[in-house]
Amino acid sequence: MDAPVCARIIGPFPNQLGVSMAAIKVLVVDDDLNIQRVLVFTLKQEGYEVHVASDGQAGVEMAAAIGPDLVLMDVTMPVLDGYAATQQIRAAETDGRRVPIIMLTAEADVEQRVKGLRAGADDDIVKPFHPLELMARIKALLARGGTAVGPVAAARSTLGRLMTFYGAKGGVGTTTIAINTAIALAKRHQRRVALFDANLQFGDMRVFLDLSLDSSSVVNAVSEPDLDGDLLRKLMVTHHAGIDLLLAPPNPEQGDIVAERQKSDPGSVANILGLLRAAYDYTLVDTSRTIDDFTLQVFDESDVIFVIMTADLSCLKNVRLALETMDSLGFERTKVRLVLNRSNAYTGINVDNAESALGRRIDHQVINEYRGAISALNSGEPFMSARPDTPLGQSVSKFADAVDASFASAGAVPARG
Ligand SMILES: Nc1ncnc2c1ncn2[C@@H]1O[C@H](COP(=O)(O)OP(=O)(O)OP(=O)(O)O)[C@@H](O)[C@H]1O
Ligand SMILES: [Mg+2]
């Protein structure tokens with residue numbers, strides 16, 4: 001077969017430090033001359049050896065011929081589009097080798113992005129992008145060896161624990177505690193942690209963590225007929241505080257799709273939770289307050305349910321109701337733990353009063369620090385990553401330490417299907 005006329009090699013070039021990085025080969029597959037120019041210039045500057053192909057077919061052939069360390073793949077191209085080219089590159093791979101592929105997508109359309117990930121891409125970036133962002137993604141992918149959750153991560157044994165955070169009343173601090181506990185478990189205990197925003201209608205982790213609406217979510221995960229750990233990981237968002245997020249749908253309508261899917265096929269949700277258990281030490285689920293089929297399934301699959309409460313009368317009434325409901329549904333009492341948030345806020349009801357009203361112990365307490373909690377929320381940076389040493393940070397750290405101690409002593413559990 002003729003060598004593609006559009007293919008050419010550029011480099012090696014020394015980077016700004018004068019160190020040759022010729023060994024790292026990047027294959028750019030894009031038919032747009034301007035994009036080619038920008039990418040070649042930027043990559044050259046960083047010291048990469050750059051190869052260029054102007055259509056998907058040429059990209060597949062060149063990937064086979066040169067064995068690149070990373071591929072940047074456009075989507076819409078003549079002869080063979082980026083999805084098909086990615087699939088062909090993957091199909092030709094042998095010996096466990098897997099070249100990292102970043103799709104260069106035209107729109108922040110989740111469907112298009114998922115299609116690319118399904119075809120075998122490892123990451124994507126929406127055009128137009130800032131060269132610095134592209135470089136950061138290239139480096140992150142190369143550092144991970146190409147695949148986010150590959151066979152290595154999946155094979156590593158995890159604690160595989162699933163815990164649900166359920167607010168006895170709106171606004172008691174469930175999301176705040178779930179997010180910051182997740183970060184504390186990752187940072188203080190070096191655990192692999194996933195956080196699942198299962199508040200299908202009004203999940204607000206995107207707000208808490210300053211994430212855009214176009215990130216993929218659980219609606220993409222339940223819609224995948226062949227969801228495996230690899231694809232699920234790609235549908236999750238990595239937060240710089242060291243945790244991976246499975247986000248709630250971006251709007252209530254899409255939340256309904258997940259609820260419907262759960263009704264018609266509860267196995268789809270069980271599969272997601274099972275895959276999370278297999279890949280993470282801890283999966284923390286932030287549920288909605290409505291006890292519907294979806295929430296019940298999550299309760300059922302959880303090792304522990306943390307009921308978040310505050311010490312006021314209406315919340316105590318709700319906790320009592322929630323405990324009675326869980327009793328009647330047959331959940332073991334030991335599976336449910338009470339977490340009193342804002343424990344030192346003045347409400348006229350102290351811990352002893354609350355315990356005697358409920359007839360059971362409060363298992364954990366988190367202190368009240370309105371300013372710290374709200375300024376973290378407004379800045380989109382959780383206090384556990386920005387200011388872990390504040391009294392509120394220390395209080396949640398203590399809770400996370402207790403959680404880790406109770407689970408870690410029990411060791412790893414086999415992932416459920
Ligand atoms: N320990 C705390 N001390 C002071 N303020 C807190 C504390 N925990 C949470 N808050 C504040 O309480 C408010 C509600 O918190 P959050 O959204 O986490 O609650 P929620 O139970 O998840 O609410 P929703 O029912 O809307 O999901 C936020 O303004 C948050 O900053
Ligand atoms: Mg919440």
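## Contacts and overall make-up

Of the contacts in the protein with a separation of 6 or more, 74% are accounted for by residues 24 or more positions apart; two residues are in contact if their C-beta atoms, placed from the backbone, lie within 7 Å. This is a predicted model, in which local features need pLDDT of at least 70 and side-chain atom pairs count only at pLDDT 80 or more, while totals for chains, interfaces and linings use all residues. Residues are numbered from 1 along each chain as its sequence is written, and chains are lettered from A and ligands numbered from 1 in the order in which they are written.

The protein has 18 helices and 14 strands; helices (H or I, at least four residues) and strands (E, at least two) are DSSP runs, numbered from the N terminus. Among its 417 residues, 42% count as buried, meaning that 20 or more other C-beta atoms lie within 10 Å of the residue's own, with C-beta atoms placed from the backbone.

## The sheet

An open sheet of mixed pairing is formed by eight strands in the order β9-β10-β8-β11-β7-β12-β13-β14; two strands pair if DSSP finds at least two bridges between them. Because β9 (237-239) and β14 (364-366) stand at the edges and each has a single partner strand, one side of each is left without a neighbour in the sheet. On average, neighbouring strands of this sheet are turned by 25° against each other, direction ignored.

Strands β8 (residues 193-198) and β11 (residues 282-287) run parallel and are joined by six bridges. D197 has D286 in β11 as its bridge partner.

## Helices on the sheet and against each other

Helix α14 (residues 313-328) lies across β12 (304-309) and β13 (336-341), at about 160° to β12; axes are lines fitted to C-alpha atoms, for helices over the stretch in contact, and angles run from 0 to 180 degrees between N-to-C directions. Helix α18 (residues 391-408) lies across β7 (161-167) and β14, at about 155° to β14.

Two packed helices are described by the angle between their axes and the distance between the axes. For α11 (residues 252-264) and α13 (residues 293-301), the angle is about 65° and the axes are 9 Å apart. Here A259, Q262 and K263 in α11 meet D293, F294 and Q297 in α13.

Key: A residue is buried if 20 or more other C-beta atoms lie within 10 Å of its own, exposed if 12 or fewer, and partly exposed in between; C-beta atoms are placed from the backbone.
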